[in-house]
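Thanks for coming. I will go through one structure today, starting inside a chain and then moving to the contact between chains.

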There are 2 protein chains.
Amino acid sequence: MSEYKKSGVDLDSVNHIHRTIAEMLSKTYKNTVVGAGHYAGVIDVDGTKIALHVDGVGTKTLLALKTGIIEPTGIDCVAMNVNDIACIGARPIALLDYLALEKEDKDIVTEILKGILKGSEAAHVEVVGGETAIMPSVVNGFDVSCSVMGKVERLMTGTEISPGDLVMGLPSNGIHSNGFSLVRRLIDQGKISLKDYAEEIMKPTAIYSDAILEVLPKIHGAAHITGGAFTKLHRVTKYGIEIKMPDPPEIFKVIENSGVPHDEMYKVFNMGVGMVIFVSQEHGEDVKRELAKKNFNAIELGKVTSSHSEVRITTYRSSVLHL
Amino acid sequence: MSEYKKSGVDLDSVNHIHRTIAEMLSKTYKNTVVGAGHYAGVIDVDGTKIALHVDGVGTKTLLALKTGIIEPTGIDCVAMNVNDIACIGARPIALLDYLALEKEDKDIVTEILKGILKGSEAAHVEVVGGETAIMPSVVNGFDVSCSVMGKVERLMTGTEISPGDLVMGLPSNGIHSNGFSLVRRLIDQGKISLKDYAEEIMKPTAIYSDAILEVLPKIHGAAHITGGAFTKLHRVTKYGIEIKMPDPPEIFKVIENSGVPHDEMYKVFNMGVGMVIFVSQEHGEDVKRELAKKNFNAIELGKVTSSHSEVRITTYRSSVLHL
């Protein structure tokens, strides 16, 4: 049994539920261009392609309350959404937040909202509404999710990715918003010191949407590394991917050394790479230069191969994983 | 202290948080036409007015699990959203669902999704995406919220409502999705028999959006009766409202007789009227006829008065409330 499953999250079961849902939802489609199961849904509104997406920050909220570092969860919530819709080529325009709280605590709400505002400013989205639900008997602490609406500038579902394309990685800002059930378990077991790593663990998710949209005309695809980490690269292309991952930031080694199998690290965490992009060889240097202007130091990870949908990762310890 | 506050929901405090939020969010506005605090946010996208809204079903989910009647919560979730955006004159187009669960239970997810599909079919919206989050340590049972995107057909914020307008009510389908913290407390105290009233209590929220959009060119305003019930009528007009409420369905009398003050009933529950519309006298009969074709039997409740923002309700027991 994986460490993640032991933390109460069974990815196989979750994936199965997701597939069932996608099938059920597809019955409602008429103007839907991209349905459930991708980075975002896309619907045609009088000829304009509108992207819609919803995502939350999971159980990171529990550590937010424990550490008192609450604001980043608001940024996370925005980031999880705008990064995802950028991956299908949509520019985020408007955002809604949904906040479910155990009790009406003005300070907590204010901190979360401050984070949502910071994130929204960075992603240039307007927060047009939201809901704050007080539900003492349903929620422990708080749960925050956002939904985002964007305008598709160039629909990018991965069909342009082809063998020989460069695979580049954009650095993450820590563990972002995934894998927290596992991290919390390791903290509870005393294997990770929350006191020593609180700041690092609570760092907000990087906002990549602006940078991705800047290079959108020159890339073939993008993959936000979130739940399921590098196992989700299958989603963007039918071709194979062969990458060599860099030495990860310390926090990932701390987590791994607390007892998580090496291969599982790449199935749960971003390992220092929060966004993967696919670029034709000719545009490689150009894209790198433009991303640098947006303060992202893109690193070359590897290439797209012609082998059918195999994701082959050489880890920082030079192990080879087939995901 | 109100019965509702005793159930853990302090409406004053919630309202205060909402106002703080609206102020904070307004800092992000550029293309926003209607911001937080109305029935929906509206943003201008290349000349098209797009409405966005998010809402959940509150603690009705706990009774869903207790009674095993789960599907209606999915319908509720759609209804809460499409009814709200219809009130500002937007036609619902696409929906996202966000489901936070204590554990991965395929049966529960399927029931909720079935409800969301039923609701979406009735409201003619496409469910373009969603998120299912498994969070054992944050959620007890489940929490379901939806966000909806719509296209504004005629922006209706209540400015057209004027003294002399008819106030009409559309029948509700039971207690809908609000006041459940109070209802659950009465059940827990043994004052309402869940066994006898489960079916009635769990009935889904009526979907009014289709009917409202049908009469949209002929009405001056609409108010979905949800949290805060008739106290929220202030939101749609600066003028006074004088209405006589009809005899409510039995379930409301059962709730009242279990110990809720008469006036509080009108501050928490819809009392048989789930949607209020404002119509000029000349269009009254016409609107009634069109609503009847959509299977809603509109009842005349009263009139808009020139007294400044006073909501005067004559209750079914002929008490007069000033809300």
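**Domains, interface and salt bridges**

The centres of domain 1 of chain A and domain 2 of chain A, taken over C-alpha atoms, are 21 Å apart. The assignment for chain A places domain 1 at 27–152 and domain 2 at 166–322; such bounds come from an automatic or database domain assignment.

Before going on, the conditions. This is a predicted model, in which local features need pLDDT of at least 70 and side-chain atom pairs count only at pLDDT 80 or more, while totals for chains, interfaces and linings use all residues. Residues are numbered from 1 along each chain as its sequence is written, chains are lettered from A and ligands numbered from 1 in the order in which they are written, and side-chain values use heavy atoms, with hydrogens and water left out.

Chain A as a whole has 11 helices and 13 strands. These are DSSP runs numbered from the N terminus, helices being H or I of at least four residues and strands E of at least two. Its C-alpha atoms fill a box of roughly 55 × 50 × 40 Å along the principal axes.

Now the contact between the two domains. How much area is buried between domain 1 of chain A and domain 2 of chain A? About 2600 Å², with carbon and sulfur atoms giving 65% of it. Buried area here is the accessible area (1.4 Å probe) that two parts lose on being put together, summed over both. On the domain 1 side, A:Tyr39, A:Lys60 and A:Leu63 supply 24% of the area buried against domain 2 of chain A, more than any other three residues.

Between these domains of chain A there is one salt bridge, by which I mean a side-chain nitrogen of Lys or Arg within 4 Å of a carboxyl oxygen of Asp or Glu. A:Lys66 and A:Asp188 form a salt bridge at 3.3 Å, N to O. Helix 3 (60–67), helix 4 (71–86), strand 4 (90–101) and helix 5 (106–123) of chain A each give two or more residues to the side of domain 1 that touches domain 2. Helix 4 of chain A has the largest share of that side, 10 residues.

Next, chain A against chain B. The contact, meaning heavy atoms within 4.5 Å, takes 71 residues from chain A and 70 residues from chain B. About 5900 Å² is buried between the two chains, and carbon and sulfur atoms give 67% of that. Within chain A, the residues losing the most area to chain B are A:Glu126, A:Val128 and A:Val138, together 11% of what that side buries.

Two salt bridges are counted between chain A and chain B. A:Asp46 pairs with B:Lys151 in a salt bridge, their closest N and O atoms being 2.4 Å apart. Helix 2 (residues 11–25) of chain A gives the largest share of the side that touches chain B, nine residues.

Last, the salt bridges overall. The whole structure has 38 of them over all chains. One salt bridge joins the side chains of A:Lys294 and A:Glu214, at 3.8 Å, N to O. Why does this pair tie together parts that are 80 residues apart in sequence? Because A:Lys294 lies in the loop between helix 11 (284–293) and strand 11 (299–305) of chain A, and A:Glu214 lies in helix 8 (residues 209–215) of chain A.
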